[in-house]
Amino acid sequence: MSKSNYIYLYDGSFINLLNLIKILLKKKIIPQNIKDDTYLPNLLEQSFKFKIEDDEKVIQEIINGTSKNILTTIYYLFLSNEENKELLIYYFLVHSLKFKNKVYYMRNLKSVDKALKVVMYVSHENHKFKGFVRFKELANNILYAEISPVNNILPILSNYFKKRLKNEFFIIKDVKRNIVSVYDKKDFYILDGEEFKLIGNKESSSEKLIQDMWIAFYKTIGIKERKNDRCRRNFMPKKYWKNIIEMRDEL
Amino acid sequence: MDIKEKLIILADSAKYDASCSSSGSNRKTKNGLGTTSIAGICHSFASDGRCISLLKILMTNCCCYDCKYCLNRKSNNIKRAIFTKEEICEITLNFYRRNYIEGLFLSSGIIKNPDYTMNLMIEAISFLRKKYHFGGYIHAKAIPGASEYLIKKLGQLVDRMSANIELPTENGLKLLAPNKESTKVTKIMKYVDNNRNARFVPAGQSTQMIIGATNESDLEIMSKSASLYNSYKLKRVFYSAYIPVNNDKLLPSLKLPPLKRENRLYQADFLLRFYKFKVPDILDEKNPNFNLLIDPKADWALRHLEEFPKEINSASYDELLKIPGVGVKSAKRIISARKYFKLTFNDLSKLGIVLKRAKYFILCGGKYFIDGNNFKRNFIEKNLILEDKIYETTSNEQLKLSLFDE
């Protein structure tokens with residue numbers, strides 16, 4: 001029934017994907033590809049969908065079979081914008097089950113090398129956004145920010161701000177993916193942008209002054225005798241500028 | 001004067017301080033606002049490409065000293081301002097909540113006397129920490145000449161404290177900053193070093209020297225740095241290329257700040273701290289200044305070609321570190337990876353090791369990257385300089401100054 005030259009489908013969630021891979025490994029199927037179920041196969045491709053139970057035990061099974069680090073690596077792969085990330089996860093897991101933590105040094109294996117590069121990208125982008133996110137204060141005191149990162153870093157980024165802005169309400173919206181993270185001083189929830197709409201997102205009365213002061217500070221702090229545009233762009237790529245308020249004037 | 005105008009004046013006077021790092025501290029918050037991150041976080045990058053991590057301001061730019069190189073010296077006719085402690089807190093907290101900054105960098109001109117100035121700074125910072133429970137990063141400048149009990153008090157409130165040595169020699173200081181004595185600065189460093197713990201200056205101390213305002217050689221500068229690192233376990237010495245802001249017959253007239261020289265000093269500084277080099281390895285009485293065409297590590301390697309090329313698959317960690325283009329991370333990666341398989345040039349690229357410089361100085365499985373007869377000083381030197389030139393003229397997006405490799 002199930003064959004290796006099939007494209008296997010899952011429902012787009014991390015747990016569902018891990019359970020699918022578990023089935024594939026058990027049945028010793030090497031998939032041609034793995035895609036979420038919005039995928040439209042072309043004429044030469046055949047797709048197949050198992051009936052998958054969303055069993056969260058799979059998380060612990062992966063940790064037991066490999067390590068916590070490897071689970072994190074797989075999760076970061078899942079958050080990436082890489083086209084065939086699911087297949088990358090499948091191969092990375094296969095190698096990890098064999099090599100355990102040594103897999104991180106097996107750069108001579110093509111799929112491991114690729115996976116680690118992708119993970120590095122996600123993790124670097126997340127680190128950059130810890131700095132680049134710009135909140136504004138809404139009239140009801142809630143902090144609101146918009147981002148458009150390349151990778152889907154919203155969950156890991158929210159987890160960071162949950163610690164930093166522990167006693168604030170905040171909302172971060174990934175404009176590109178139309179998803180929103182909402183923090184209620186206890187935990188954060190990732191919601192679909194269609195389900196969650198801001199009503200009356202008026203800025204607080206002091207917001208304009210604070211933004212003006214920040215922009216004035218930004219313009220003052222650069223030393224004009226040392227002007228270096230290239231260096232600045234390398235650290236703060238232009239693609240992020242539209243959500244960084246002090247850069248808007250230069251766009 | 002409104003608060004925005006004050007901010008512009010007091011940021012403008014503070015911008016020449018090079019340090020903006022927010023690393024070395026790891027604080028979690030209970031009821032307050034903010035945390036610190038061990039690696040530090042850059043929030044923005046200024047037009048000069050430098051990272052903006054902290055709200056870098058002076059408490060006041062009024063100063064009773066008259067240091068020749070300083071914009072804020074007494075004899076300059078400029079607009080003066082002073083922040084109240086409430087204003088400092090208001091800006092810091094508002095910027096921090098919006099994630100503009102990682103914390104506060106507070107320095108100050110000297111008003112009345114060092115103790116008076118330090119007291120005002122302590123009040124502001126203490127307000128921030130105790131009244132507003134601010135848990136973000138604070139880097140404060142200690143004022144040389146202030147009493148020890150004030151140093152103690154400030155150190156308990158901040159993550160990093162530092163005092164600027166300003167110029168590498170006592171003569172330079174006498175010439176340009178007649179009100180300052182280096183012993184007052186080293187006294188602070190010594191006190192911080194002796195008392196440092198998780199509750200007192202947890203992120204350690206740093207200092208800064210101005211480069212090119214006086215005629216010290218690079219050898220004198222590096223020797224000073226080495227002695228500071230050894231005596232007081234400083235986290236960083238920052239080098240700030242001299243930028244003329246005042247006209248004074250005692251000051252050199254420069255059109256452009258000596259940025260290349262500053263870059264070489266930073267590179268050499270990293271060699272001292274992370275690559276087990278000593279000052280006499282890289283500079284001596286015969287060559288007291290850096291070669292501006294070639295970085296100090298490659299320059300050293302070219303003068304010691306008898307130690308190269310090194311076999312990547314067998315060289316020790318210390319030997320790997322001496323290879324131009326191989327950093328601490330790369331050396332560690334090589335050591336771990338070669339346990340499992342034999343490395344080729346291709347594998348090195350996959351490990352993320354930049355071969356631009358390294359390839360001239362290594363062997364992989366006994367092989368040089370081209371015909372081994374080319375392993376000659378002339379050939380390597382020419383190519384290194386050529387590759388740097390190409391690099392500087394193309395708008396390569398991969399630009400990475402080794403200075404920021406940390």
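**Ground rules.** The model is predicted, so I kept in mind that local features need pLDDT of at least 70 and side-chain atom pairs count only at pLDDT 80 or more, while totals for chains, interfaces and linings use all residues. Residues are numbered from 1 along each chain as its sequence is written, chains are lettered from A and ligands numbered from 1 in the order in which they are written, and side-chain values use heavy atoms, with hydrogens and water left out.

**Entry 1: the count.** I searched the whole structure for salt bridges (a side-chain nitrogen of Lys or Arg within 4 Å of a carboxyl oxygen of Asp or Glu).

**Entry 2: a pair inside one helix.** I looked up Lys208(A) and Asp212(A), whose side chains form a salt bridge with N to O at 3.1 Å. Both residues belong to helix H7 (residues 207-221) of chain A, and they are four residues apart, about one turn of the helix. Helices here are DSSP runs of H or I with at least four residues, and strands are runs of E with at least two, numbered from the N terminus. I then checked exposure (buried is under 20% relative accessible area, exposed over 50%, partly exposed in between; 1.4 Å probe, protein chains only). Lys208(A) counts as exposed because its relative accessibility is 54%. Asp212(A), at 26%, counts as partly exposed.

Entry 3: Lys141(B) sits in strand E5 (residues 137-141), and Asp17(B) in the loop between helix H1 (3-12) and strand E1 (44-45), 124 residues apart. Lys141(B) and Asp17(B) are both buried.

**Entry 4: a pair between two loops.** I noted that the closest N and O atoms of Lys180(B) and Glu166(B) are 3.1 Å apart in a salt bridge. Lys180(B) is in the loop between helix H5 (170-176) and helix H6 (182-195) of chain B, and Glu166(B) is in the loop between strand E6 (160-162) and H5, so the pair ties together parts 14 residues apart in sequence. Lys180(B) is partly exposed at 24% relative accessible area, whereas Glu166(B) is buried at 11%.

**Entry 5: a network.** I listed one network of salt bridges, which links Glu137(A), Glu168(A) and Glu207(A) with Arg97(B) and Arg98(B).

**Entry 6: one more glutamate.** I located Glu53(A) in the loop between strand E3 (46-48) and helix H2 (57-65) of chain A. Glu53(A) counts as exposed because its relative accessibility is 65%.
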